[in-house]
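Trainee: I am new to this structure and would like to learn how to read it. Could you show it to me and take my questions one by one?

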Amino acid sequence: MPENRQVTVLLIDDNAIQAATRQTILKRAGYFVIPALNPMRALEQFRENDFPAEISLVITDHVMPGMNGSQFVRELRLLKPNIPVLVISGMEEAEEEYHDLNVLFRLKPLLPDNLLASVHRLASQKLLDPITAAKSL
């Protein structure tokens with residue numbers, strides 16, 4: 001899919017092995033992936049515009065040290081209200097914490113095909129119709 005080359009994914013996961021696995025899957029599909037192991041550092045980078053490319057969408061874990069995924073998304077929404085976010089968690093009950101945060105929530109284990117389908121859906125929404133994405137907030 002050629003449009004994937006335009007898509008830069010910020011991948012936040014404190015589990016380096018899971019992050020590396022997801023990064024490999026996304027890179028093989030043609031996405032440009034920027035890994036981050038720390039949500040607080042990622043927010044700092046957003047504030048300082050300190051990324052090598054514009055972030056098209058964010059994938060975050062839920063359980064992380066220092067700040068969980070829903071706290072991260074709440075902070076991120078203040079900086080980037082319309083950026084698409086995919087949350088991946090092993091805790092089904094965590095989905096309630098994302099109510100009204102306009103995220104796509106998926107449970108672990110997330111198979112590669114499901115990961116790619118979710119990312120493609122968010123990327124297509126962002127690339128093809130940012131107005132619809134903004135209205136869905």
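Trainee: Are Tyr98 and Phe105 buried or exposed?

Mentor: Tyr98 is buried, and Phe105 is buried too. Buried means under 20% relative accessible area, exposed over 50%, and partly exposed in between (1.4 Å probe, protein chains only). Before we go on, note that this is a predicted model: local features need pLDDT of at least 70, side-chain atom pairs count only at pLDDT 80 or more, and totals for chains, interfaces and linings use all residues. Residues are numbered from 1 along each chain as its sequence is written, and side-chain values use heavy atoms, with hydrogens and water left out.

Trainee: How many helices and strands are there in the protein chain?

Mentor: The protein chain has five helices and five strands. These are DSSP runs (helices H or I, at least four residues; strands E, at least two), numbered from the N terminus. Along the sequence, the pattern reads β-α-β-α-β-α-β-β-α-α. Of the 137 residues, 44% count as buried.

Trainee: Which residues touch the most other members of the largest nonpolar core?

Mentor: The general idea is that in soluble globular proteins, nonpolar side chains tend to be buried together. A nonpolar core is a set of buried Ala, Val, Leu, Ile, Met, Phe, Trp, Tyr and Cys residues joined through side-chain atoms within 4.5 Å. Here the largest core has 22 residues, and Leu10, Ile12, Phe46, Ile55, Val58, Phe72 and Leu76 touch the most other members. Two or more residues each come from strand E1 (8–12), strand E2 (32–36), helix H2 (39–48), helix H3 (69–79) and strand E4 (85–89). A second, separate core of 18 residues includes Val9, Leu57, Leu115 and Ala123.

Trainee: How many aromatic pairs does the structure hold?

Mentor: A pair of aromatic rings is described by the distance of the centres and the angle of the planes. Rings of Phe, Tyr and Trp (its six-membered ring) pair if their centres lie within 6.5 Å; planes under 30 degrees apart count as stacked, over 60 as edge-to-face and the rest as tilted. The structure holds two such pairs. Phe46 and Phe51 have ring centres 5.0 Å apart and planes at 65°, so this pair is edge-to-face. Tyr98 and Phe105 form a tilted pair, with 5.7 Å centre to centre and 45° between the planes.

Trainee: Which residues are buried in H3?

Mentor: Gly69, Ser70, Phe72, Val73, Leu76 and Arg77 are buried in H3. Down the helix axis they fall within an arc of 150° (from the directions to the C-beta atoms), so they line one face of H3.
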